[in-house]
Amino acid sequence: DGGGVLLEPSFCPITKRPIKVPTFCIVDGHTYEKSAIENWVKEHGSSPMTYQPVTQQHLTSAKSLAMQAQSMVANTEQDAQDDAEAAALVETLLASEAKELAGVPIQLRKLRKAAAATLRNSAKAAAGGGAVLRDATNKKGGGQ
């Protein structure tokens, strides 16, 4: 039954028709009908929306983009779970007041630095998602 959700069709900015084979342009952030954007890029070498330079490598299927987004969400959820487990472990260790825990502050500083580095890398990966998509597109079909 589809859960009672009725989705409106997306229209291609080039053809002005409903999109059948969605293709995402990582340069301008718009989704187009695959054949229309591929032809446009061949003829003009730019985005039809922003006129920024675009190549075939900047185009990716919406399915591939959705899979990457799902992967990022799963990784974020796992990171949050790992952070919660680490915090609980630290609380337990600090509450035990054992002498062998004298080095905990040093280890905590190391963990804090590692966590900060991980956050910076995650932020860079999220901000540079286009590069990831370009790489994936290039590997997938020779950039076509």
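Author: Strands are DSSP runs of at least two residues in state E, and helices are DSSP runs of at least four residues in state H or I. Both are numbered from the N terminus. The model discussed here is predicted.

Reader: Which strand holds leucine 59?
Author: Strands are counted from the N terminus. The run covering residues 59–61 includes leucine 59, and that run is strand 3.

Reader: Is leucine 59 buried or exposed?
Author: The cut-off for buried is under 20% relative accessible area. Leucine 59 has 7% relative accessibility, so it counts as buried.

Reader: How far apart in space are leucine 59 and glutamate 38?
Author: In sequence, 21 residues separate leucine 59 from glutamate 38. Glutamate 38 is partly exposed, at 23% relative accessible area. From C-alpha to C-alpha, the distance between leucine 59 and glutamate 38 is 8.1 Å.

Reader: What order do the helices and strands follow along the sequence?
Author: The protein has four helices and three strands. Along the sequence, their pattern reads β-β-α-β-α-α-α.

Reader: What share of the residues is buried?
Author: The protein has 144 residues.

Reader: How many salt bridges does the whole structure hold?
Author: Side chains of opposite charge can pair when their charged atoms come close. The cut-off for a salt bridge is a nitrogen of Lys or Arg within 4 Å of a carboxyl oxygen of Asp or Glu. Searching the whole structure gives a count of one.

Reader: Which residue forms a salt bridge with lysine 34?
Author: Lysine 34 is partly exposed, at 37% relative accessibility. The closest N and O atoms of its salt bridge are 4.0 Å apart. The partner is glutamate 38.

Reader: About how many helical turns separate lysine 34 and glutamate 38?
Author: Lysine 34 and glutamate 38 both sit in helix 1. They are four residues apart, so the separation is about one helical turn.

Reader: Which residues does valine 21 touch, not counting residues up to four places away in sequence?
Author: Valine 21 lies in the segment before strand 1, which spans 22–25. Valine 21 and lysine 34 are 13 residues apart in sequence, yet 5.6 Å apart from C-alpha to C-alpha. Valine 21 is partly exposed, with 40% relative accessible area. The residues touched are Tyr32, Glu33 and Lys34.

Reader: Is serine 46 buried or exposed?
Author: Serine 46 sits in the loop between helix 1 (34–44) and strand 3. With close sequence neighbours, within four places, left aside, its contacts are Trp40, Val41, Tyr51, Gln52, Pro53 and Val54. The relative accessible area of serine 46 is 11%, so serine 46 is buried.

Reader: Is tyrosine 51 buried or exposed?
Author: Tyrosine 51 also belongs to the loop between helix 1 and strand 3. Its phi is near 65 degrees, a positive value in a residue other than glycine. At 61% relative accessibility, over the 50% cut-off, tyrosine 51 counts as exposed.

Reader: What is the phi of lysine 16?
Author: Lysine 16 lies in the segment before strand 1. At 60% relative accessibility, lysine 16 counts as exposed. Lysine 16 is a residue other than glycine, and its phi is positive, near 65 degrees.

Reader: Which residues gather in a patch of negative charge on the surface?
Author: Patch members need over 30% relative accessible area. Glutamate 85 has 48% and is partly exposed. The members of the patch are Asp79, Asp82, Asp83 and Glu85.

Reader: Which helix holds glutamate 85?
Author: Glutamate 85 belongs to the patch of negative charge. The helix that holds glutamate 85 covers residues 62–96, and that is helix 2.

Methods: Residues are numbered from 1 along each chain as its sequence is written. This is a predicted model: local features need pLDDT of at least 70, side-chain atom pairs count only at pLDDT 80 or more; totals for chains, interfaces and linings use all residues. Side-chain values use heavy atoms; hydrogens and water are left out. Patches are made of residues with over 30% relative accessible area and no salt bridge: like charges are joined within 9 Å, nonpolar side chains (Val, Leu, Ile, Met, Phe, Trp, Tyr) within 5 Å. Accessible areas come from the Shrake-Rupley method with a 1.4 Å probe; for residues, only the protein chains shown count as cover. A salt bridge is a side-chain nitrogen of Lys or Arg within 4 Å of a carboxyl oxygen of Asp or Glu. Lys and Arg count as positive and Asp and Glu as negative; His and the chain ends are not counted. The place of a charge is taken as NZ of Lys, CZ of Arg, CG of Asp or CD of Glu. Buried means under 20% relative accessible area, exposed over 50%, partly exposed in between (1.4 Å probe, protein chains only). Contact means heavy atoms within 4.5 Å.
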